[in-house]
Amino acid sequence: MIEVVEPATAEVMATVREAGVEETDAAVAAAKAAFPAWRAIAPADRSRLLHRVADAVEEHHDELATLEARNAGKPIGDARGEMGMVAETFRYYAGAVERLLGDTIPVAGGVDFTFREPLGVVGLIVPWNFPLTIASWKMAPALAAGNTLVLKPAELTPLTALRFAEIALEAGVPEGVVNVVAGPGRVCGQRLVEHPDVAKIAFTGSTEVGRRIAESAAPTIKRVTLELGGKSANVVFADADLAAAAQAAPLAVFGNAGQDCCARSRILVERRALDEFMSYLEAAVRGVRVGDPLDESTQMGPLISEDQRATVASFVPDDAPVAIRGEAPDGPGFWFPPTVLAPVSNDDRAAREEIFGPVAAVIPFDSEEHAVRLANETIYGLSGSVWTRNGARALRVARAIETGVISINSNTSVRVSTPFGGFKQSGVGRELGPHALEHYTELKNVYYATEE
Ligand code: NAP
Ligand code: MG
């Protein structure tokens, strides 16, 4: 059995039967058996079923949000927003089922056209930071395109995935189309990656495990999309609305207790504005409300586990340049205070490695060219922001930073309708928007000779 721990109390909140290789194989077999009927459903009917899943998620909104908030230790307000996005994601891809258009291509001697075919059984492996949200980004386009799936949630956070599978079944999704295996990554995840009947792996998690998945997928030439780590830059120029940039900066790192692949954990600030920015930042960090995830006013909860807390603490040794330290509760639970290190060099470990905790590094820069160079001096390229009132500079810098998504005068990263994914070692492929569908389909070309 898996003992599922509630991070805010460090107590066991549920026990779940642990899946192994045998259960994973059974789930793949069920998905394989369900595939022919699922791909054959009339598009309008498949669309309607996915809308029904969205409706069902909305009907179970509070239940799912509370389960996610408790299991992942995230503020209830955030969890509600996330469950809203899960429903929206299913609705968006419900609308895509009838829009999987092909091309007609001018050729000699006949007509030529293309189809977007489903892949078959897809394996989805997701992390513990946004458990059901990230799963929905994969499940919805996979199902819309006519695939069946096996979802492996993180061992620490299996509850919303298991509940979702029940809800989807009740909403009318046929048996075998959505399967969940709750078990260790090195067992169930690894088996999915190696399984000859799994056509594709869509993975979100660490760059380290992503590398292993790419290697293990090679023998079966499996399609792989990877959403991995990040070390994103929040670039603040002296001509920006400094108060607004500083007000927004804390939750862009401390949101989800920093356990966010899009965390803008390197705050690059133009040196001549540094003192003014830091004074605004200090007030904003002190205003972050850390506490019980189920309290409506909470903005930051605990870390996911004791291990994670120890890892995060290793980035803040006694001699670290701590400029601002917020509050965190004592007592049980895996708490860590919002922490700002300043000034930090881009070569320091806190600026190079993904911390995945509430620790921000402030790095001063002297010119636009310097800012772009610092932003790009990383193996990652997932997210980022530029704050300036100079529109031409905003666009120059947004184009020059090697990253999958970037916001100007905003710290937002994901929307259901726009593509999300990484450059460099932050990943391969895109999720969300129309672009995700490419990764759940094969392109087939048909040529029809018309000359007698
Ligand atoms: P992780 O350790 O890489 O685990 C992710 C998933 O992979 C879990 O379900 C895990 O299972 C499974 N797994 C572990 N070893 C495996 C193996 N050998 N084969 C197949 N699957 C395996 O990541 P995490 O610690 O959960 O999450 C933190 C990381 O995720 C961070 O680096 C973060 O940046 C990244 N992340 C990226 C995005 C993005 O969209 N780019 C979004 C969120 C998070 P178990 O946990 O059950 O062992
Ligand atoms: Mg891990």
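Is E58 buried, partly exposed or exposed, judged by its relative accessibility? At 39% relative accessibility, E58 counts as partly exposed, because that class lies between the cut-offs of 20% and 50%. The model described here is predicted.

**Salt bridges**

The number of salt bridges in the model comes to 25. In one of them, the side chain of E58 meets that of R91, with N and O 3.1 Å apart. This pair links distant parts of the chain, since E58 belongs to helix α2 (residues 43-59) and R91 to helix α4 (residues 76-94), 33 residues apart. R91 is partly exposed as well, with a relative accessible area of 22%.

A second pair sits within a single helix. E282 forms a salt bridge with R286, and the closest N and O atoms are 3.0 Å apart. Both residues are in helix α10 (residues 274-286), and because they are 4 residues apart there, about one helical turn separates them. E282 is partly exposed at 31% relative accessibility, and R286 is partly exposed at 47%.

The side chains of E402 and K424 meet in a salt bridge of 2.9 Å, N to O. E402 counts as partly exposed at 35% relative accessibility, and K424 is partly exposed with a relative accessible area of 34%. Elsewhere, D239, E368, R393 and R396 are joined into one network by salt bridges that share partners.

| Pair | N to O distance |
|---|---|
| E58 and R91 | 3.1 Å |
| E282 and R286 | 3.0 Å |
| E402 and K424 | 2.9 Å |

On the surface, a patch of negative charge is made up of E18, E22, E23 and E155. Of these residues, E22 is found in helix α1 (residues 21-40). With a relative accessible area of 65%, E22 is exposed, because the cut-off for that class is over 50%. A29 lies in helix α1 too, but this residue is partly exposed, with a relative accessible area of 45%. Between A29 and L443 there are 414 residues in sequence and 25 Å in space, C-alpha to C-alpha.

**Strands and sheets**

Strands in a sheet are paired by backbone hydrogen bonds, in either a parallel or an antiparallel sense.

An open sheet is formed by 3 strands in the order β3-β4-β18, with antiparallel pairing. Its edge strands are β3 (104-105) and β18 (441-449), each of which pairs on one side only. β3 is joined to strand β4 (residues 110-118) by 2 bridges, and the two run antiparallel. T104 has F113 in β4 as its bridge partner.

The parallel case is the pairing of β10 with strand β11 (residues 266-270), which extends over 4 bridges. Here V236 stands opposite V269 in β11. Which way do the residues of strand β10 (residues 233-236) point? A233 and V235 point one way, whereas N234 and V236 point the other way. All four residues, A233, N234, V235 and V236, are buried.

Terms used
Residues are numbered from 1 along each chain as its sequence is written. Chains are lettered from A and ligands numbered from 1 in the order in which they are written. This is a predicted model: local features need pLDDT of at least 70, side-chain atom pairs count only at pLDDT 80 or more; totals for chains, interfaces and linings use all residues. Side-chain values use heavy atoms; hydrogens and water are left out. Patches are made of residues with over 30% relative accessible area and no salt bridge: like charges are joined within 9 Å, nonpolar side chains (Val, Leu, Ile, Met, Phe, Trp, Tyr) within 5 Å. Accessible areas come from the Shrake-Rupley method with a 1.4 Å probe; for residues, only the protein chains shown count as cover. A salt bridge is a side-chain nitrogen of Lys or Arg within 4 Å of a carboxyl oxygen of Asp or Glu. Lys and Arg count as positive and Asp and Glu as negative; His and the chain ends are not counted. The place of a charge is taken as NZ of Lys, CZ of Arg, CG of Asp or CD of Glu. Buried means under 20% relative accessible area, exposed over 50%, partly exposed in between (1.4 Å probe, protein chains only). Two strands pair if DSSP finds at least two bridges between them.
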